[in-house]
Structures are given as structure tokens and as C-alpha cells.
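Here is a friendly walk through one protein model, taken a region at a time. Keep the viewer open as you read.

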Amino acid sequence: MRLGLKLFLGFFLIVGIAAFFVMRVFVDEVKPGVRQAMESTLVDAANVLAVMAGPDLKAGRIADGRFAAQVATAQRRDPRAMVWRFPKRSIDYRVTVTDARGIVVYDSRGQDVGRDNSRWNDVYRTLRGQYGARSSPGTPGDADSTVMHVAAPVYDPADGRTLIGVLTLAQPNDSIDPFITASQRAIVARGAWLIGSAALIGLLMTWWLARGIGGLSRYAKAVSAGEPVLPPKPRSDEIGDLGRALETMRRKLEGKAYVEQYVQSLTHEMKSPLAAIRGAAELLQEPLPEADRQRFAANIAQQERRLTETIDQLLRLAEVEQHGWLQRRTTVDLCALCRQLGEDAGPRLQAARLSLHCELPDRAPVQGDAFLLRQALGNLLDNAIAFSPEGGRIALRLRAEQEGWQVALLDQGPGVPDYALERVFERFYSLARPGSGQRSSGLGLPFVAEVARLHGGHARLENREGGGARAALWLPAL
């Protein structure tokens, strides 16, 4: 699959999924939102009607008094309203009034007079001084014909505090269903436009990116073939940065920039040890207790070893990096190389109280440079020793894998933190040793990766299940 198609599909997939879920949220929120708004208007209207019903309810003429007549007149009106493209030709409110015991004394439809509503949530809660509301089926057994009921207390007009009844205002929920459906359809239609627009934008962006990346690809192929080619056209984005990086890499491979880089790297890495040596040397010029003198002298020796290790590793890495191919290529038996490596590491393993267990076949021939391979495997073993706990076990395994040979070193140390897994092969990046807290030069694993590349293989470092790390070097078989 072409990169441009991958970019387009990835962009469209992300935007499409995001738009789909956003639309789902909006569509799902329309119904409760509209019903909450309806409930709010019912609360206002119920409280207004409760004040108007108070005098008739106290006088005992709520069923045939002025309030009942006005409600009946209002329900016969034709509003002749056009609400958001929907005509409204009738009043949907239903008004019921109960006395202080919850017995219905007035019903605008004349159906439930005398019924005990004291157990309905709207009346029950209002009689106890709380906000009462409920949503119940208008027709028993029909869950789709629900009716919203909102109650308001009716107080004695004389003092405004004595509860003499409850007025409940009801409105069918299906009276607002057309508005809910229209809103949901509008959201879906606009969402479809959004996804279509996103697809068009993604197509244009993909074409623009693919065009820039294609130019870089053609430039890189021409450089690798040794053909004269102009640098990529300047751009003020990441693709332009990549083009400049490729041109810089080309100049570095020519020699001068490559040497400058190593001088700068070496200078940077030497600053910290030299500062430590300078500080310890200045203190040693003063009278000191014997214990402090020995500690500062040991620190100087330690920093000297660090400097020597850094310089040696950097020189070895420079030697392998400055060539794009192996200078010496012979048949190398990895089995013999691993056995010799284990024997040479015996004193260090014994000093660290570690054991090395080798799982090797009879023979594993590869084509390459024995000296470089020995150094690379030695770096992996050094890391395993440095990060293994006292009394731990290191396994050295050599197995055939994917038309090649894989050398793996497995330790029982703390493993590699997740944040460092992608950086362990960066130059000068290192982790503190568990025992001493000291860091290495950070050049060992980059050297291993470079040796693997020169041999047509690859290196990998990962955590093991149950603890510890697994460092592996894969090389093509002979």
C-alpha cells in the first residue's frame, strides 16, 4: 500500500471515527435535553396555575369555579402556531388538583376525580415539601406513550404557607417528538457534510504530503546511486526539515562534517569527567584526612577509566560507521565465538557471583568480521553482567531463526524502563547501573547496532516476562 493511501486512510479513519462518536453523543443528548427543557417550562406553568387555583380550592369550588372555567376555555383555543416548521393547533396541558390528602378533586379531562394519587411520585413528594415530578405511560402497558407530570403545591391564599392541595400539570412526551426527530436528522446531515469535508481535506493534504515525500525519495535514491542531483526545494515545514537533514547527511558522509561531529561529541562527553578530576585534584592539594584523600584519589581513577572507555568506544564506533561495508569478511563460527566469550568472562562472572548458561548448537557459520562480532557480543555480555543482581543467572542462547542465527543474552536484572526502550541505541544514552548507580559511555549498544547493520542483521533489546532484559543480535546465515 502506498504511503499516500495510508496517510489518507489514517486521516479519514481518525476524523471519521471522531465525527461519528461526536454525532452519536449529540444525537443521544437531544432527547433528554429537549425533555429537560419541557420539564422546566412545566415547572413554571404549574406554579403559576397553583397560585390561580388556590382561592377556588380553599372555597371548595375547584371543580366548577372560575379556575375550572378558565382552564376549559384555554383548552378549547386553537393556537394556530407554527413552531419550527411544525403546526400547533391544540393545547396539550392536562391539569389535575388534589386536596391535602392526595385525593383528586379536579381533572381538566374529568376522568380521575375521586382517585387517590397520594402514592404517585409527583403528589407524594410535593405533599412532603419536596419537588415532585414523574414520567408515566399515558396508556397502561405502552412504554412509548409517556406523559411528563410536574406538581406544584397549592397554599392557602390567606397565609401563603398552609398546604391545602397539589396541582399537577401533565404534557405528553410525544408532543415534542417531532422536534427531537428533526434535531437528530439535522445533526446527522451536518455530520455527513463534516465527514465529506474531512475526506476532501484529507485527500488534498495527503496529495500535498505525498508529493513532498516523493521528491525526497527520488532525491535519496539519486544520492545513493551517486548521481549528481540538486538539493530538495526549500520548504518551511517538517518535510523541508527532512530535506535539509538529508542534504546535511550527504555532506557528513563526505567526511568533514562527520569528523566535526565526533570531535564535538567527544568534547561534550569529556567535560563531566574532567570537571570531576579537576575538583578532586584541587581538594587533594589541601590537607585532608586519609579517608577523604583516598576517596578523592579513587574518584580521579574512576573518571580516568570513564574517559578512556569513552574514547576507546568512540574510536571503535567511528571506525565502523565511516565505512558503509565490511573491510574484512571471512567465515565466522558463532558457536566458537560464544564459547570463547564465555570463557574470557569467567573471572568477571565469578567476581560478580553470577552464572552463565550457554545453549549452543554444534556450528553456526556466518560471513563477517570476527573481531567486530566479538566486540559486539562482548558489549552485550558486559551489559548483562552490569545489570544482573548478585547470584543471578545469565543465559546465552544461539538459535536458528528466519534464515539466520540469533544470539540472545537474557539476564534477571530490573529490565529497561518503558521510557528508555526506544532510546537505548542512541549514542551516549545510558542507564544507571543498579548496584553502583554509575553510567557507562552510552556507546556500547550503538556499536552493536552498527556492527549488526554492517553484517546485514539487526540488534534488539526488550524486557522479558517476569523480569529482566533480553538483548539479541540477528545475523544472516552463511
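## Ground rules

In this report, contact means heavy atoms within 4.5 Å. This is a predicted model, in which local features need pLDDT of at least 70, side-chain atom pairs count only at pLDDT 80 or more, and totals for chains, interfaces and linings use all residues. Residues are numbered from 1 along each chain as its sequence is written, and side-chain values use heavy atoms, with hydrogens and water left out.

## The chain as a whole

The protein chain holds 11 helices and 14 strands. Helices (H or I, at least four residues) and strands (E, at least two) are DSSP runs, numbered from the N terminus. Of the 478 residues, 36% count as buried. Here buried means under 20% relative accessible area, exposed means over 50%, and partly exposed lies in between (1.4 Å probe, protein chains only).

The chain exposes about 28,300 Å², with carbon and sulfur atoms supplying 56% of that area. Accessible areas come from the Shrake-Rupley method with a 1.4 Å probe, and for residues only the protein chains shown count as cover. As for contacts between residues at least 6 apart in sequence, 63% join residues at least 24 apart.

Val166 sits in strand S7 (residues 163-172). Its relative accessibility is 0%, so Val166 counts as buried. What does Val166 contact, leaving aside its neighbours within four places in sequence? The partners are Thr96, Val97, Thr98, Asp99, Val123, Thr126, Leu127, Ala151, Ala152 and Val154. Val166 can also be placed against Ile103: the two are 63 residues apart in sequence, and their C-alpha atoms are 9.5 Å apart in space.

Asp56 belongs to helix H1 (residues 3-59). Asp56 is buried because its relative accessible area is 5%. Not counting residues up to four places away in sequence, Asp56 touches Arg61, Ile62, Gly65, Arg66, Phe67 and Ala68.

How many disulfides does a search of the whole structure find? The count is 0, where a disulfide is a pair of cysteine sulfur atoms within 2.5 Å. For Cys338, the nearest cysteine sulfur is that of Cys335, 6.8 Å away. Cys338 counts as buried, at 1% relative accessibility.

Cys358 is partly exposed, with a relative accessible area of 39%. As a reminder, a disulfide is a covalent bond between the sulfur atoms of two cysteines.

## Ser388 in its loop

Look next at the loop between helix H10 (370-387) and strand S11 (393-400), where Ser388 is found. At 13% relative accessibility, Ser388 is buried. The side chain of Ser388 reaches the backbone oxygen of Ala384 at 2.5 Å. Leaving aside neighbours within four places in sequence, Ser388 is in contact with Leu354, Ile394, Asp411, Gln412 and Gly413.

## Positive phi values

Arg80 is a residue other than glycine with a positive phi, near 50°. Arg80 lies in the loop between helix H2 (66-75) and strand S1 (81-83), and is exposed, with a relative accessible area of 68%.

Glu403 is a residue other than glycine with a positive phi, near 60°. Glu403 is in the loop between S11 and strand S12 (404-410). Is Glu403 buried or exposed? With 77% relative accessibility, Glu403 counts as exposed.

Helix H11 is mostly covered, with 9 of its 11 residues buried. Among the buried ones are Leu445, Phe447, Val448 and Leu454. H11 is followed by Gly456, whose phi is positive, near 80°.

On a 1 Å grid over the protein atoms alone, a cavity is a set of points where a 1.4 Å probe fits but cannot get out, and lining residues have an atom within 4 Å of a point. Leu380, Phe425, Leu445, Val448, Ala459, Arg460, Leu461, Ala471 and Ala472 line the cavity. Helix H11 (444-454), strand S13 (458-463) and strand S14 (469-476) each supply at least two lining residues, and S13 gives the most, with 3 residues.

Note on methods
Polar contact = N/O pair within 3.5 Å; in protein donor to acceptor, adjacent residues only side chain to side chain. 1 Å grid on protein atoms, 1.4 Å probe; cavity = no way out; pocket = protein on both sides within 12 Å on 5 of 7 lines; lining within 4 Å.
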